[in-house]
Amino acid sequence: MATKSLKAKGNELAQSNRQLDILNGGVFADGELPYFKDKINEIGHFPLRPKKLEILQINVGYMCNQVCEHCHVDAGPDRKEIMTRETMQQCLAVIKNTGAHTLDLTGGAPEMNPDFEWFVEEAAKAGIKDFIVRSNLTIIRANKKYYHLPDFFKKHNVHVISSMPHYTRGKTDKQRGDGVFDKSIKALQELNARGYGMPGSDLRLDLVYNPSGAYLPGDQMAMEKDFKKALDEDFGIQFHNLFAITNLPIARFLDYLIASENYEDYMYALVEAYNPSAVANVMCTNTISISWDGWLYDCDFNQMLDLKVASKVKHIKDYNEDLLNDRNIIISQHCYGCTAGAGSSCQGTVA
Amino acid sequence: MADTYYNPKDLRKFGKITEWSEELGTKFFDYYGKVFEEGALSAREKSLIALAVSHVVKCPYCIDAYTKDGLQKGVTKEEMMEAVHVGAAIESGATLVHGVQMMNKYDKLSM
Ligand code: SF4
Ligand code: SF4
């Protein structure tokens, strides 16, 4: 279990250019594996272009109550970067005028931003159709000051998407820290008690599963069946859908892959599982990601690699949807993670 | 790396078996792929059977492949180890049951 972010440890992988050197070098530079660019060029998708913007994903800060081993954000209690109210106001102005129908708040633990609730309240007034908060679950039970969050979510009909590594205690705690499983179960029960995740309920509760190690996720439907059965039988817990997400070789997961000597094998596995039919629907084609300090990115992964959008508009304060939609998406070898197998996005499989 | 009979990286080249006999190799992979599809047994159950058999036939490539496959399918390490014991039990039972043949032969040859 990690205890500190790479940044706090002064690990060289906290620097995005170091990560990009690795992703562009090694087995790719020596020709053993093809560059992502060449692979999508074969099917006429290079340069990768956006479609209609549907999702605004806002990362309200890298602070988190957990320090998960695989975190591509390198989030943790020691990360202090959080969105200010001023930047939130710039986001709100955009939310009111955008054609996007989904607002997706992420972090770190978004709930730890002191202006989180204010922001949700203001954004809720703007008439977004699907309003998502990515909650790590344990935050709801981390401290008394967060106990009311399930009621707060319910009040604003927030769609809660929660990470849940496995339906067994051992696997969950190993990836996310001791006690995480029990706290997550308690949080899910609290959400269920408010009607979240119940069959037929409008209060949407989805779970996100990502592998705890150097392997790809299995079939999303099969995993959902297993999760539903186990969580219901063992704890009486209900939820709507399970999204299976592939870990992308970025930040702490990249560090883990290298330290455990799995990097090459993992990249081979990703390239081997490359699925051309997933390319058209990778999430950067309908999403814009906004960082805590207001910069614009093609996705949360590019944000962590500090690859800002290739557009005249680079900051939320200058936001212009038409200009932005006329851009080429920036790609690198981490993009194989989004096109492996059934594809992977924040909403689960895409192919 | 020192020369050894097994190289983990060779597993990546398994697909190349078709290069020297396209027809038979392709037939094998078609069959193989079909066997592991969801059927009367779930893909998860098949993965555990494959893991147990990998140990019985003592194939290091298959052990690597089906440990990973099990992880991908959400199989726990307890389930994996139980599967290996099932393989081991059958394997040792199969050895031991031949003891009956030995006993028969012994009795036949003895006065
Ligand atoms: S994976 Fe999520 S919960 Fe874990 S450290 Fe990263 S942001 Fe926090
Ligand atoms: S990593 Fe980002 S840019 Fe690359 S394919 Fe995935 S969503 Fe698109």
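**View 1. Ligand 1 in the largest cavity.** In this predicted model, ligand 1 sits in the largest cavity. A cavity here is a set of points on a 1 Å grid, laid over the protein atoms alone, where a 1.4 Å probe fits but cannot get out; a molecule sits in one if more than half of its atoms lie within 2 Å of its grid points. Around ligand 1 you'll find A:C64, A:Q66, A:V67, A:C68, A:H70, A:C71, A:A75, A:G108, A:N136, A:R176 and A:R252, where being around a ligand takes a heavy atom within 4 Å of it. Sorted by class, that's five nonpolar, four polar and two charged residues. The classes go like this: Ala, Val, Leu, Ile, Met, Phe, Trp, Tyr, Cys and Pro are nonpolar, Asp, Glu, Lys and Arg are charged, and the others, Gly among them, are polar.

As for the bookkeeping, the model is predicted, so local features need pLDDT of at least 70 and side-chain atom pairs count only at pLDDT 80 or more, while totals for chains, interfaces and linings use all residues. Residues are numbered from 1 along each chain as its sequence is written, chains are lettered from A and ligands numbered from 1 in the order in which they are written, and side-chain values use heavy atoms, with hydrogens and water left out.

**View 2. Ligand 2 and its shell.** The space taken by ligand 2 is the second largest cavity. Its surroundings are A:L248, A:V282, A:M283, A:C284, A:C299, A:F301, A:N302, A:I329, A:I330, A:H334, A:C335 and A:C338. The class tally for this shell reads ten nonpolar, two polar and no charged residues.

View 3. A:K7, A:D74, A:R79, A:E81 and A:R252 are linked in a network of salt bridges, each bridge being a side-chain nitrogen of Lys or Arg within 4 Å of a carboxyl oxygen of Asp or Glu. A:E81 pairs with A:K7 at 3.2 Å, N to O. That pair links distant parts of the chain, 74 residues apart: A:K7 is in helix α1 (residues 6-9), A:E81 in the loop between β1 (55-59) and α5 (85-97) of chain A. Helices (H or I, at least four residues) and strands (E, at least two) are DSSP runs, numbered from the N terminus. A:E81 also bridges to A:R79, at 2.7 Å from N to O. A:E81 is buried at 11% relative accessible area, A:R79 is buried at 8%, and A:K7 is partly exposed at 48%. Buried means under 20%, exposed over 50% and partly exposed in between, with a 1.4 Å probe and protein chains only.

**View 4. The A:R85 and A:D115 bridge.** Here A:R85 forms a salt bridge with A:D115, their closest N and O atoms 3.1 Å apart. A:R85 belongs to helix α5 and A:D115 to the loop between β2 (102-106) and α6 (116-125), 30 residues apart. A:R85 is partly exposed at 37%, whereas A:D115 is buried at 17%. Over all chains, the whole structure has 31 salt bridges.

**View 5. The open sheet of chain A.** Eight strands line up as β6-β5-β4-β3-β2-β1-β7-β8, with mixed pairing; two strands pair if DSSP finds at least two bridges between them. β6 (242-244) and β8 (296-297) stand at the edges with a single partner strand each, so one side of each is left without a neighbour in the sheet. Strand β7 (residues 287-290) runs antiparallel to β8(A), joined by two bridges. In β8(A), A:L296 stands opposite A:I290.

Terms used:
1 Å grid on protein atoms, 1.4 Å probe; cavity = no way out; pocket = protein on both sides within 12 Å on 5 of 7 lines; lining within 4 Å.
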